[in-house]
Amino acid sequence: MHDVAAHAGVSASTVSRVFRNEESVSKATRKRVNDAMAALNYVPNMMARTFREGKASLLAIAVPSIADSFFASVIEGADSIAKTHGHAIAVTSLGDDPSRERPIVEALLRRQISSLVLVPIASDQSYLSTWLPHTPVVVIDREATGADVDVFLEDDRGGAIMAVNHLLRLGHQRIAFLGADDAVATTARRFDGYRHAIQDAGLSVEDQPVLFAGPSHIQEGIAGMLSAQDPPTALFSSNARTSVVVVRALQALKARGLAMVSFGDFPMADALDPSVSVIDQDPFRLGQAAAERALNRVADPEGSFENLTVFDVNLIPRGSSTPPSRA
């Protein structure tokens with residue numbers, strides 16, 4: 001920076017103001033500095049800037065899968081907030097092996113990041129405790145265990161109750177629950193809401209079809225349900241990833257006429273025939289809220305904030321909301 005300043009005939013602080021695009025620099029001075037930068041192939045050293053200013057300008061985000069449309073929208077929401085704070089983002093995928101969470105997250109925390117937004121996949125986050133005095137961590141979608149962090153959730157239980165009650169009002173008495181085979185807290189809360197709604201309607205949960213399966217076994221499981229003596233007339237899919245596989249399975253089985261509600265919207269859900277009713281989680285809002293809190297914690301480490309925030313979810317009824325008489 002001092003070399004650029006000498007080449008342009010200005011101070012190093014003026015070079016810094018030009019790089020930050022501050023309005024206080026005249027057009028003529030800005031041009032001299034930019035010409036000097038180009039002549040010397042100057043690229044700012046962000047790590048040096050971090051050491052000098054005592055803070056990083058990088059928000060890290062760790063999610064189970066960046067290919068999942070839900071988490072992609074979370075990342076997009078977080079990025080929109082980071083930009084307004086002058087931060088860039090670094091994104092990593094944790095995968096589905098809980099033992100990989102800690103090494104991946106700690107690899108991020110060892111770098112020059114200002115804060116971290118995390119979707120946990122492991123059952124224990126106590127390892128975060130040693131990092132929290134230095135780096136704010138905000139957890140979303142699933143609660144953290146063993147670490148005192150800010151948490152943003154959706155109303156999983158309430159959304160499941162809303163979905164099942166919707167199907168019950170349409171006249172369905174046989175409502176299948178379809179969930180992924182990974183034991184995540186969101187699935188457990190949604191299954192609890194499903195059970196509550198079924199029992200509240202005076203029906204027996206034990207008599208209802210329930211399937212927990214990975215993607216490769218969902219079609220087989222649905223085929224078994226539909227070939228039973230008393231098949232379901234409606235399906236409640238507990239997450240968007242499962243819903244995508246369910247739709248493909250129903251198409252492969254040529255099984256039409258089933259009512260369906262998905263917990264979580266997914267791409268093309270509104271363009272299918274029939275379009276799929278969903279519980280809308282608004283993951284973009286979730287990412288925005290988490291990033292805003294993380295960066296507020298950076299700016300005000302001693303600030304008073306609500307540790308747990310639970311967002312409401314909404315039912316979007318579409319073509320798959322049909323009564324059993326039409327099946």
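**Terms and their grounds**

Author: Helix H11, residues 283–299, comprises 17 residues and reaches 24 Å from its first C-alpha to its last, close to the 24 Å expected at 1.5 Å a residue. The model is a predicted one.

Reader: Which residues of H11 are buried, and what does the term require?

Author: Buried means under 20% relative accessible area. In H11 the term applies to Pro283, Leu286, Gly287, Ala289, Ala290, Ala291, Arg293, Ala294, Leu295 and Arg297.

Reader: What do the buried residues of H11 pack against?

Author: Their partners are strand S1 (58–63), helix H5 (69–84), strand S3 (115–118), strand S4 (137–140), S5 and S11.

Reader: What is the order of the strands in the open sheet?

Author: The six strands run in the order S2-S1-S3-S4-S5-S11, with parallel pairing. Strand S2 (88–93) and S11 each have a single partner strand, so one side of each lacks a neighbour in the sheet, and they stand at its edges. On average, neighbouring strands of this sheet are turned by 15 degrees against each other, direction ignored.

Reader: How do you know that S5 is paired with S4 and with S11?

Author: Pairing requires at least two bridges between the strands. S4 and S5 have three bridges, in the parallel sense, and Val138 stands opposite Asp150 in S5. Strand S5 (residues 150–154) and S11 have four bridges, also parallel, with Val151 opposite Leu308 in S11. Both pairs therefore meet the requirement of at least two bridges.

Reader: How is H11 placed on this sheet?

Author: H11 packs on the sheet and touches S1, S3, S4, S5 and S11. The direction of H11 makes about 170 degrees with that of S5.

Reader: Why is Ser243 called buried?

Author: Ser243 has 0% relative accessibility and therefore counts as buried, the limit being under 20%. This residue lies in helix H10 (residues 240–252). Not counting residues up to four places away in sequence, Ser243 touches Ser237, Met260, Ser262 and Phe266.

Reader: What makes the link between the side chains of Ser243 and Ser237 a polar contact?

Author: The side chains of Ser243 and Ser237 are joined at 2.8 Å, and the term asks for N or O atoms within 3.5 Å, one able to donate a hydrogen and the other to accept it. The link therefore counts as a polar contact.

Definitions and conventions:
Residues numbered from 1 in each chain as written. Predicted model: local features only at pLDDT ≥ 70, side-chain atom pairs only at ≥ 80, totals over all residues. Heavy atoms only, no water. Expected span 1.5 Å × (residues − 1). Buried < 20%, exposed > 50% of the residue type's maximum accessible area, 1.4 Å probe, protein only. Contact = heavy atoms within 4.5 Å. Axes fitted to C-alpha atoms, helices over the stretch in contact; angles between N-to-C directions.
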